[in-house]
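Thanks for coming. Please have the sequence and the model open.

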Amino acid sequence: MSNAFQHSIGKKLIQAVSGAFLIIFLLLHATINFFAVIDSFTGEFGAPHGLFQQGCDFMSLGIIKIMVPILALGFIIHICYGIYLTLYNYKARGGVKRYEVASKAKTDSWSAKNMFVLGIVILGLLAFHLTHFWAKMQLREFMGAEAENPYMLMTTTFGSIWNVILYIVWFVALWFHLVHGFWSMFQSVGWNSQVWMKRLKVIGIIVASLICLAFITVAINGYLQAHALI
């Protein structure tokens with residue numbers, strides 16, 4: 001088994017599986033955050049029974065508290081292994097290249113060539129995000145304290161136009177990363193036929209767009225709410 005994972009296929013498989021954890025985590029996170037946008041249209045933004053508050057309460061359930069660290073672990077593995085693969089390829093091929101999978105799919109897109117750079121941008125702004133939200137909500141709950149009001153955190157953070165711009169940059173980088181990563185993930189596990197690859201690339205664009213547009217809408221909504229524009 002250890003020899004198999006020393007093989008390039010094993011290395012790509014780890015990155016593919018951890019990437020799946022990332023997509024699941026983002027879909028869940030985007031859905032719950034988008035509840036705040038729905039609350040704005042229903043007049044429930046800031047209400048204790050608003051959909052966003054209910055989503056945050058749902059995330060506080062015991063079973064979810066167990067799942068979230070597992071998903072986050074997959075996310076951390078994806079980041080760490082992405083760095084490892086980049087350094088490995090740098091040493092093996094004499095240049096910074098993304099992990100490659102032999103197939104008929106084209107790998108010369110801008111996002112494919114800049115996955116590591118995109119990952120650095122995403123990681124840097126992730127640290128910014130964790131200090132603004134996770135540290136004041138779930139981390140506090142894990143430590144036995146009461147989480148801060150999610151609506152207040154949203155308007156406080158996104159009340160600054162510069163924070164909104166930073167988040168949009170983050171989501172754009174995330175979009176490019178996901179568009180390439182989605183089909184590359186399936187390619188790594190053997191779904192690399194020409195027919196399936198075309199379908200997966202389209203699905204990847206749709207999934208990445210839904211996730212990133214949801215997050216961008218949430219950020220803009222938070223700004224509008226902070227300044228009483230809606």
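In what order do the elements of the protein run from the N terminus on? They run α-α-α-α-α-α-α-α-α-α. That is 10 helices and 0 strands, where helices (H or I, at least four residues) and strands (E, at least two) are DSSP runs numbered from the N terminus.

Some ground rules. This is a predicted model, in which local features need pLDDT of at least 70 and side-chain atom pairs count only at pLDDT 80 or more, while totals for chains, interfaces and linings use all residues. Residues are numbered from 1 along each chain as its sequence is written, and side-chain values use heavy atoms, with hydrogens and water left out.

Two totals for the protein. Of its 230 residues, 40% are buried; buried means under 20% relative accessible area, exposed over 50%, and partly exposed in between, with a 1.4 Å probe and protein chains only. Among contacts with a separation of 6 or more, 72% are between residues 24 or more positions apart, a contact being heavy atoms within 4.5 Å.

Now helix α8, residues 150–158, which holds threonine 157. Is threonine 157 buried or exposed? Threonine 157 counts as buried because its relative accessibility is 3%. A polar atom of its side chain lies 2.9 Å from the backbone oxygen of leucine 153. Leaving aside neighbours within four places in sequence, threonine 157 is in contact with His132, Phe133, Asn163 and Tyr167.

Next, the packing of α8. Two packed helices are described by the angle between their axes and the distance between the axes. Here axes are lines fitted to C-alpha atoms, for helices over the stretch in contact, and angles run from 0 to 180 degrees between N-to-C directions.

The axes of α3 and α8 come within 9 Å and cross at roughly 110 degrees, so the two are roughly perpendicular. The cut-offs are under 35 degrees for roughly parallel, over 145 for roughly antiparallel, 65 to 115 for roughly perpendicular, and oblique for the rest. Leu51, Phe52, Gln53 and Cys56 of α3 meet Pro150, Tyr151 and Met154 of α8. By class, that contact has 6 nonpolar, 1 polar and no charged residues. Nonpolar covers Ala, Val, Leu, Ile, Met, Phe, Trp, Tyr, Cys and Pro; charged covers Asp, Glu, Lys and Arg; the others, Gly among them, are polar.

With α10, residues 194–226, α8 packs at an angle of about 90 degrees, the axes 8 Å apart. On the α8 side the contact is made by Met154, Thr155 and Phe158, and on the α10 side by Val218, Ala219, Gly222, Tyr223, Gln225 and Ala226. This contact has 6 nonpolar, 3 polar and no charged residues.

Last, the rings. The whole structure has 10 aromatic pairs; rings of Phe, Tyr and Trp (its six-membered ring) pair if their centres lie within 6.5 Å, with planes under 30 degrees apart stacked, over 60 edge-to-face and the rest tilted. Phenylalanine 52 and tyrosine 151 are edge-to-face, at 5.4 Å centre to centre and 80 degrees between the planes. Phenylalanine 52 is in α3 and tyrosine 151 in α8, 99 residues apart. Phenylalanine 52 is buried at 4%, and tyrosine 151 is buried at 3%.

Tyrosine 167 and phenylalanine 171 both lie in helix α9, 4 residues apart, and both are buried. One aromatic cluster is formed by Phe128, Phe133, Phe158, Tyr167, Trp170, Phe171 and Phe215.

Terms used: Polar contact = N/O pair within 3.5 Å; in protein donor to acceptor, adjacent residues only side chain to side chain.
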